[in-house]
Number of protein chains: 2
Amino acid sequence: GAMMKRRLLLVSNSTLHGGGYLDHCQQHIQHFFGKQVQRILFVPYALHDRDSYAKLVRDKFRSLGYEVDSIHEAADPLQAVRKAQGIFIGGGNTFRLLKTLYDHNLMSEIKRRVLVEGLPYMGSSAGTNVSTVSIHTTNDMPIVYPPTLAAIGLLPFNINPHYLDPDPNSKHMGETREQRIVQYHEEPDTPRVLGLREGSMLLVEGEKATLLGSTGARLFTRGQAPAEYTPGSDLSFLLTEQK
Amino acid sequence: GAMMKRRLLLVSNSTLHGGGYLDHCQQHIQHFFGKQVQRILFVPYALHDRDSYAKLVRDKFRSLGYEVDSIHEAADPLQAVRKAQGIFIGGGNTFRLLKTLYDHNLMSEIKRRVLVEGLPYMGSSAGTNVSTVSIHTTNDMPIVYPPTLAAIGLLPFNINPHYLDPDPNSKHMGETREQRIVQYHEEPDTPRVLGLREGSMLLVEGEKATLLGSTGARLFTRGQAPAEYTPGSDLSFLLTEQK
Ligand SMILES: [Ca+2]
Ligand SMILES: [Ca+2]
């Protein structure tokens, strides 16, 4: 099927504590885009200052051997997606990112290029959220109102990036991350949620999904106890639609 | 004007670390509802288990001298709002709460009863969010999709409940609360945001607003530096629409 071409590198967070931008995943990035890809289309819509965001990303990817075209500098964003050799959607505010992707009518073309034509898709944080079923499990503040929370749908489950374990010493009384995801699963017909800790990433190659990085992930399934997965785990079963 | 009747007690959080449900604000609750009010209409829509939520609230308010009617037990929720002597909207998930208020067509009747007829309105956390201009500054996960993020509009500004100062020792790389609110103010025509720390509450009596509690608040205004307010501060200037 069409899904066989799908190639995704979905990163929980762009910057790990104590490191530089994308440092902790740079070897995975080079392995993912490989030597075939020379230019990567960057989508900076999740942040307000697109120029400085594009500069940050351009500098980093140049150091890894790739040129970057930022979609906000393209005369025709849809055409930029059509021509891209690889795409990277960066983090920031997930609501702003999703709304802007809809405003520019880019959702279905990104989906088609990734699923049908095998365009390599890298996402970080908000850019990971928008690759899934929906952004219902973002951590971000709803600073704008998108036309729907449905996302690109490159996967049949949701991701919670920056997944955070409860802090036993915290005196803050807001919901823990796990409590928030459990509230999501109180709603009917909600898909699985993969809680990707900072330092983790998910690599999808066709029908195979592998957990990379150093910190593991916690999987939430409606009506079931959460399950822990260690780095290196084969998560291909997540690519099958839930019954 | 109509605003002169407005009476609001807006609590950041229902439970302070180490205390019981609503313990930290119980004297303010008794002072707010006073002796005239005998029965309070409770809105449990922010949590999934409405029965146990109503029991928690009923037990607490009985100990303070008030009977509680939970709106989820009413045959006609709109009629329950029409007849209420006082209303308390509890915390939980703000998206679920707002969507349910719209689903039951309660928004404009609550607004009318509070602003025109002086119905005393108490909110906690999500119940505080929905009293403001919009829920764009909630901390909650968008587990459902309301028809709009516009809220009841009892005030001309927004509140961020559970406001949290940055933790200098944190290694987590998600945005701080202040960064999230600054991102909101990157969007055009966004109102002020009062960051109410846990342990703080806002009392509004007509045209007078007072910061109560023990922890203070941080005010964010688009294009200006944030400002700190200590407990007891007169915040009546917030009740004036921004130019
Ligand atoms: Ca974010
Ligand atoms: Ca909440």
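Let's start with the interface. Chain A and chain B bury about 3,500 Å² between them. Of that area, 57% is on carbon and sulfur atoms. Why quote an area at all? Because the size of an interface is often given as the accessible area lost when the parts come together. One caution before I go on: this is a predicted model.

Who contributes? On the chain A side, A:M141, A:Y145 and A:M173 lose the most area to chain B. Together they make up 20% of what that side buries. In residue terms, the contact takes 41 residues from chain A and 41 residues from chain B.

Now the polar part. Across the interface of chain A and chain B there are 27 residue pairs in polar contact, both partners at pLDDT 80 or more. Which elements give two or more residues to the side of chain A that touches chain B? They are α4, β6 and α7 (177–185) of chain A. The most comes from α7(A), with 5 residues. By class, that side of chain A has 16 nonpolar, 16 polar and 9 charged residues.

Salt bridges next. Between chain A and chain B the count is 6. One to look at on screen is B:R96 with A:E186. Their closest N and O atoms are 2.8 Å apart.

Is A:D140 buried or exposed? Its relative accessibility is 6%, so A:D140 counts as buried.

Stay in chain B and move to helix α7, residues 177–185. The buried residues there are B:R177, B:R180, B:I181, B:Q183, B:Y184 and B:H185. What covers them? From chain A, the cover includes α4 (94–103). From chain B itself, it includes β6 (158–163), β7 (193–197) and β10 (217–220).

Leaving out residues up to four places away in sequence, B:T132 touches B:A151, B:I152, B:G153, B:L154, B:L155, B:F157, B:N158 and B:I159.

Then A:D234, in the segment after β11 (227–229) of chain A. At 42% relative accessibility, A:D234 counts as partly exposed. A polar contact of 2.5 Å joins its side chain to that of A:S236. Beyond neighbours within four places in sequence, A:D234 is in contact with A:K208 and A:A209. How far apart are A:D234 and A:L202 in space? They are 9.9 Å apart, C-alpha to C-alpha, and 32 residues apart in sequence.

Notes
Residues are numbered from 1 along each chain as its sequence is written. Chains are lettered from A and ligands numbered from 1 in the order in which they are written. This is a predicted model: local features need pLDDT of at least 70, side-chain atom pairs count only at pLDDT 80 or more; totals for chains, interfaces and linings use all residues. Side-chain values use heavy atoms; hydrogens and water are left out. Buried means under 20% relative accessible area, exposed over 50%, partly exposed in between (1.4 Å probe, protein chains only). Helices (H or I, at least four residues) and strands (E, at least two) are DSSP runs, numbered from the N terminus. Contact means heavy atoms within 4.5 Å. Buried area is the accessible area (1.4 Å probe) that two parts lose on being put together, summed over both. A salt bridge is a side-chain nitrogen of Lys or Arg within 4 Å of a carboxyl oxygen of Asp or Glu. A polar contact is a pair of N or O atoms within 3.5 Å; within protein, one must be able to donate a hydrogen and the other to accept it, and residues adjacent in sequence count only if both atoms are side-chain atoms. Ala, Val, Leu, Ile, Met, Phe, Trp, Tyr, Cys and Pro count as nonpolar, Asp, Glu, Lys and Arg as charged, and the others, Gly among them, as polar.
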